[in-house]
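Let's take a look around a protein model together. Have the sequence and the 3D view ready.

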Amino acid sequence: MNDVDVLIIGAGAAGLAAGRLLAQSGRTVRIIEARNRIGGRIFTHHSAPFGAQESLPVELGAEFIHGLPPASWSLIREAAIATYELEGELFCFEEDHLHPCGHEQRDSFVLLRQMAGWLERNSPHSDLTFDGYLRAAQVQATTADRAADYVEGFNAADRSVISATALVRQQYAEDQLQGDRIFHVRAGYDVLPTYLAECLRRAGGTVSLDSRVRRITWQRGSVRVAGTTSDGREFAAQAARAIITLPLGVLQADAAMFDPVPQEMQQQWQSLVMGQVNRVSLMFDRNFWSGCANDLSFLFAADQTFPTWWTSAPESTPIITGWAAGAKNFSGSQALLGRDPLALRTAALQSLATIFSISPRDLNLWLREVHHHDWYGDELSHGAYSYVPVGAVNAARLMSNPVQDTLYFAGEHTDLEDQWGTVHGALASGARAARQLLTIP
């Protein structure tokens, strides 16, 4: 006997989007989530510093809405979620000098847009790594290094691994959605999964938290999952079909064993790569950076421990976030840094002190809170988000195919619109999996 029509593994953006659509279509749905919260890699901490009555949202995972993707904005409008667009100036820190970025960053963007034409002319039937493209196209060294830094930082990728073809497809998809525009959810990104969960529950669906799936046993038309709760109790559930929204890193770690293993699907998830990131948000009692870099939006400091920083401009929230991603910036030392809160705090303050020519002592006096989550060491994610290496440009499409009309896979790594690594990619993939399932009686 089935407990429900559909089991969904994971209450992140993809799982909640799928669950809501299925429940509203009359299917009985149960979402099983290992964490004690919904949202997955959307993880907002609400802090009330200085005795304030209203809290400030601090994002520990996904933070931005990139452009105008329908999957996100349809929900934002439906739920009347307040947002604001980030504005301000880009700054660069080079040779001990902080200044507004000139052509340096623009050259990187231009190069990415030119890459499509070069690949079509010179490599129409094969793929290159981004590093391979830079060498083959004989891009000037300084421009090449800046562009590679940008690609690694934005995609949490290794320049010698990530596919140039995938980057072209991703850039085209971003251009279609005005991806150069960036938005914040004013009350915190977690209001979006909260809204989805409320819709799911109103439609009769359920969410089981603190329940980690260890085994997925299946045959055509039947799926049984078994696992343990956070307090050590065993549980099991059965349904006719299941949607698997586990992060790519969890699939690759075999944290949930499939019996039998869907081998063609496994080949696809093993062909992709999970990117790694260290990010830290520091809350101060003042916007000290405004004296040196008024209207600071993003700041690039390639030689620092945290080579990218951003603020909430035009909002005056006294929070600045540091970011280190990709093979160049996320080394073994960065992985260790993510597990040592004191070392992380010290490294972040030292980077800011160097960039803004302010003594670490003053920064430490102004500092109120430090927020960080170790996604690399998080065994429920094993990383930040996925990227596509050479040879895997079709993996997402292949992973979107149902397995014997029984197992359906969703998550940002399965997005069909080349928006891998994004919340809207996850939302769209969940809706896609639900629609596929709804075609089956």
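Here is a short tour of a sheet, a cavity and a pair of helices.

This is a predicted model, where local features need pLDDT of at least 70, side-chain atom pairs count only at pLDDT 80 or more, and totals for chains, interfaces and linings use all residues. Residues are numbered from 1 along each chain as its sequence is written, and side-chain values use heavy atoms, with hydrogens and water left out.

Start with the sheet. It is open, with three strands in the order E5-E9-E6 and antiparallel pairing (two strands pair if DSSP finds at least two bridges between them). Strands E5 and E6 sit at the edges, each pairing on one side only. Between E6 and E9 there are three bridges, and Tyr-84 has His-184 in E9 as its bridge partner.

The structure holds one cavity of 30 Å³ or more, where a cavity is a set of points on a 1 Å grid over the protein atoms alone where a 1.4 Å probe fits but cannot get out. The volume of the largest cavity is about 70 Å³, counted as the space filled by probe spheres set on the points. Helices H5 and H6 each supply at least two residues of its lining.

Here are some of the elements by residue number (helices are DSSP runs of H or I, at least four residues, and strands are runs of E, at least two):

| Element | Residues |
|---|---|
| Strand E5 | 65-66 |
| Strand E6 | 83-85 |
| Strand E9 | 182-185 |
| Helix H5 | 141-155 |
| Helix H6 | 164-176 |

Finally, helices H1 (residues 13-24) and H7 (residues 191-202) pack at about 25°, with their axes 8 Å apart; axes are lines fitted to C-alpha atoms over the stretch in contact, and angles run from 0 to 180 degrees between N-to-C directions. H1 and H7 are therefore roughly parallel to each other (angles under 35 degrees count as such).

Note on methods: 1 Å grid on protein atoms, 1.4 Å probe; cavity = no way out; pocket = protein on both sides within 12 Å on 5 of 7 lines; lining within 4 Å. Parallel < 35°, antiparallel > 145°, perpendicular 65-115°, else oblique.
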